[in-house]
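Open the model in your viewer and keep the selection tool ready.

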Amino acid sequence: MSRRAMEQPRRITDSFPRRRRRRGPGRPPGRLKDRKDKDQDQDKAQLKVRDCPRGPSQPPLDPALMEMLRRFDLAWEYGPCSGITRLQRWERAQELGLSPPGPIRDALLEHRDNPDVTYSLWHEYEL
């Protein structure tokens, strides 16, 4: 057998130089992050979720109303809903002639002070 046949097959990554990770001072080999670094990363991830404005305690909402609003949020024919309120999305869809459901607007106006109704499912996440 030839020497080339006995070698391992070449990989695409073989053409890139190998770089070893540097260990920080006081870190044992094999551990790249300390436990407290991991906790800080989790804290940063939790900070990405925006705090929504909460007023005084709101009475519980009708599950049928919340399901109707959820379906409106998931209906892409009315355009994207990130970065705007449900009422703004409804009005934009109306202006574009997309015929959004009327009961949605009525519910949004009736429960205007409740953030669970005002904002879409994804309002807590950054754009």
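Helices here are DSSP runs of H or I, at least four residues long, numbered from the N terminus. Keep in mind that this is a predicted model.

**Stop 1: helix 3.** Select Glu67 and Arg70. They form a salt bridge, with the closest N and O atoms 2.9 Å apart. Both sit in helix 3 (residues 63-74), three residues apart, so about one helical turn separates them. Arg70 is partly exposed, at 32% relative accessible area. Glu67 is partly exposed too, at 30%.

Arg71 counts as exposed, at 57% relative accessibility. Shared partners join Glu67, Arg70 and Arg71 into one network.

**Stop 2: a link between helices.** Select Arg86 and Asp73. Their salt bridge brings N and O to 2.6 Å. Arg86 is in helix 4 and Asp73 in helix 3, 13 residues apart, so the pair links distant parts of the chain. Buried or exposed, where does Arg86 fall? Arg86 is buried, with a relative accessible area of 2%. Asp73 is buried as well, at 1%. The structure holds three salt bridges.

**Stop 3: helices 4 and 5.** Show residues 86-95 and 102-110. These helices pack at about 145°, with axes 10 Å apart. Residues in the contact include Arg86, Leu87 and Trp90 of helix 4, and Ile104 and Leu108 of helix 5. The crossing of helix 4 and helix 5 is left-handed.

**Stop 4: the surface.** Select Leu74, Leu121, Trp122 and Tyr125. Together they form a nonpolar surface patch of about 380 Å² accessible area. Tyr125 lies in the segment after helix 6 (115-118). Tyr125 is partly exposed, at 47%.

Definitions and conventions:
Residues numbered from 1 in each chain as written. Predicted model: local features only at pLDDT ≥ 70, side-chain atom pairs only at ≥ 80, totals over all residues. Heavy atoms only, no water. Patch = residues over 30% accessible without salt bridge, like charges linked within 9 Å, V, L, I, M, F, W, Y side chains within 5 Å. Areas by Shrake-Rupley, 256 points an atom, 1.4 Å probe, with all protein chains shown as cover. Salt bridge = Lys/Arg side-chain N within 4 Å of Asp/Glu carboxyl O. Helix = DSSP H or I, 4+ residues; strand = E, 2+ residues; numbered from the N terminus. Buried < 20%, exposed > 50% of the residue type's maximum accessible area, 1.4 Å probe, protein only. Axes fitted to C-alpha atoms, helices over the stretch in contact; angles between N-to-C directions. Left-handed = near helix turned anticlockwise from the far one by under 90°. Contact = heavy atoms within 4.5 Å.
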